[in-house]
Amino acid sequence: MGIQGMELCAVAVVVLLFIAVLKQFGILEPISMEDSSDSEVELSMVRHQPEGLEQLQAQTKFTKKELQSLYRGFKNECPSGLVDEDTFKLIYAQFFPQGDATTYAHFLFNAFDADRNGAICFEDFVVGLSVLLRGTVQEKLKWAFNLYDINKDGYITKEEMLAIMKSIYDMMGRHTYPLLREDAPLEHVERFFQKMDRNQDGVVTMDEFLETCQKDQNIMTSMQLFENVI
C-alpha cells in the first residue's frame, strides 16, 4: 500500500506487514500433506505445549493440515513454543533494517498477546492469524480496532492513533518516496478523525470505526487481499 493511503485507515498496513514478515521467516510455508503423527509428536516436545489440534481447529478457521503446517513454521522460529516481545522486535528489526520497528512491534505484539502474559504462544498466534486471514470483515476490523486502542478502554484517541502512525513511519525509515514531512503522521491522524469521529467528541468508538471502514471501498478491498494467503 502506498504511504499516501494511510490516512484512510492503517488496517491494510497492519495485515500487509504482518503477512510479509511471516512469509519472510518461513512461518507461512506451503501446506504439506505429510502424516499428522509427526506434528502431534512435536506438540509434546516443546516447553510450552499448545492445545490439541482438534481444539485449535474448533477455535480457528484453519484445517488440521493447515494448523500442522503453521505449527512447523512456528516451531522452527520459536523452538520453546513461546515468543517474547524482544524476539518479536528482533524479527521486525531484521525485516525493516532501514527504520526503527521497535514501537510498531510492541503494539503488534500486544495485539497478539491476548492474555497479556508477556509471551505469544502458538494458540495466540493462530487465533489472531485466523482472524486476519479467514475472519469476517467485522472480525478483522475489530482486531485492528483493538490494535489502535492501546489502553483497551474501548476508544481510539488522537494520541493513540498518532502513536501508531508514528511507529509505522519510524519503521519505514527515512527512505520513503516522496519524502515525508515531519508533521505527516499528525496530518494523517487529523484526516483519520475527520472520517471516523462521526459525533466529533474527540474519540473514535468501535461502532464509528466499523461503520466508516465498511463504507470505504479502499479499506474493504484491502480486507479481501489476504483471504487466500494459505
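Residues are numbered from 1 along each chain as its sequence is written. Because the model is predicted, local features need pLDDT of at least 70 and side-chain atom pairs count only at pLDDT 80 or more, while totals for chains, interfaces and linings use all residues, and side-chain values use heavy atoms, with hydrogens and water left out.

**Confidence**

The chain has a mean pLDDT of 77, and 70% of its residues reach 70 or more; pLDDT is the predictor's confidence in each residue, from 0 to 100. Confidence is highest in strand β4 (residues 203–205), at a mean of 97, and lowest in helix α2 (residues 36–43), at 47. Helices (H or I, at least four residues) and strands (E, at least two) are DSSP runs, numbered from the N terminus. Over residues 1–11 the pLDDT is below 50, although this stretch has 38 contacts beyond near neighbours in sequence. A contact means heavy atoms within 4.5 Å. Residues 30–39 also stay under 50, and the model gives them 16 contacts beyond four places in sequence. Where pLDDT is low, the predicted coordinates should not be read in detail.

The largest nonpolar core holds 54 residues, of which Tyr-92 and Phe-209 touch the most other members. Helix α9 (residues 158–172) gives the most to this core, with eight residues. Such a core is a set of buried Ala, Val, Leu, Ile, Met, Phe, Trp, Tyr and Cys residues joined through side-chain atoms within 4.5 Å. Buried means under 20% relative accessible area, exposed over 50%, and partly exposed in between (1.4 Å probe, protein chains only).

Helix α4 (residues 64–77) has 14 residues, which at 1.5 Å a residue should span 20 Å; its end C-alpha atoms are 20 Å apart, so the two agree. The expected span is 1.5 Å times one less than the number of residues. Among the buried residues of α4 are Glu-66, Arg-72 and Phe-74.

Glu-160 is found in helix α9. Glu-160 is buried yet has no salt bridge, and the nearest side chain of opposite charge, Lys-152, is 7.6 Å away. Lys and Arg count as positive and Asp and Glu as negative; His and the chain ends are not counted. Leaving aside neighbours within four places in sequence, the contacts of Glu-160 include Tyr-148 and Tyr-155.

Lys-152 itself is found in the loop between α8 (137–148) and β3 (155–157). Its phi is near 60°, a positive value in a residue other than glycine. Arg-116, in the loop between α6 (102–112) and β2 (119–121), has a positive phi of about 55° and is not a glycine either.

**Salt bridges**

A salt bridge is a side-chain nitrogen of Lys or Arg within 4 Å of a carboxyl oxygen of Asp or Glu. By this rule the count comes to eight. The table gives some of them.

| Pair | N to O distance |
|---|---|
| Glu-85 and Lys-89 | 3.1 Å |
| Lys-158 and Glu-190 | 3.2 Å |
| Lys-215 and Glu-211 | 3.1 Å |

Lys-158 lies in helix α9 and Glu-190 in helix α10 (residues 184–196), so the pair ties together parts that are 32 residues apart in sequence. Glu-85 and Lys-89 are four residues apart in helix α5 (residues 85–95), and are therefore separated by about one helical turn. Glu-85 counts as buried because its relative accessibility is 19%, whereas Lys-89, with 23%, is partly exposed. Lys-215 is exposed at 60% relative accessibility. Salt bridges that share partners join Arg-198, Glu-211 and Lys-215 into one network.
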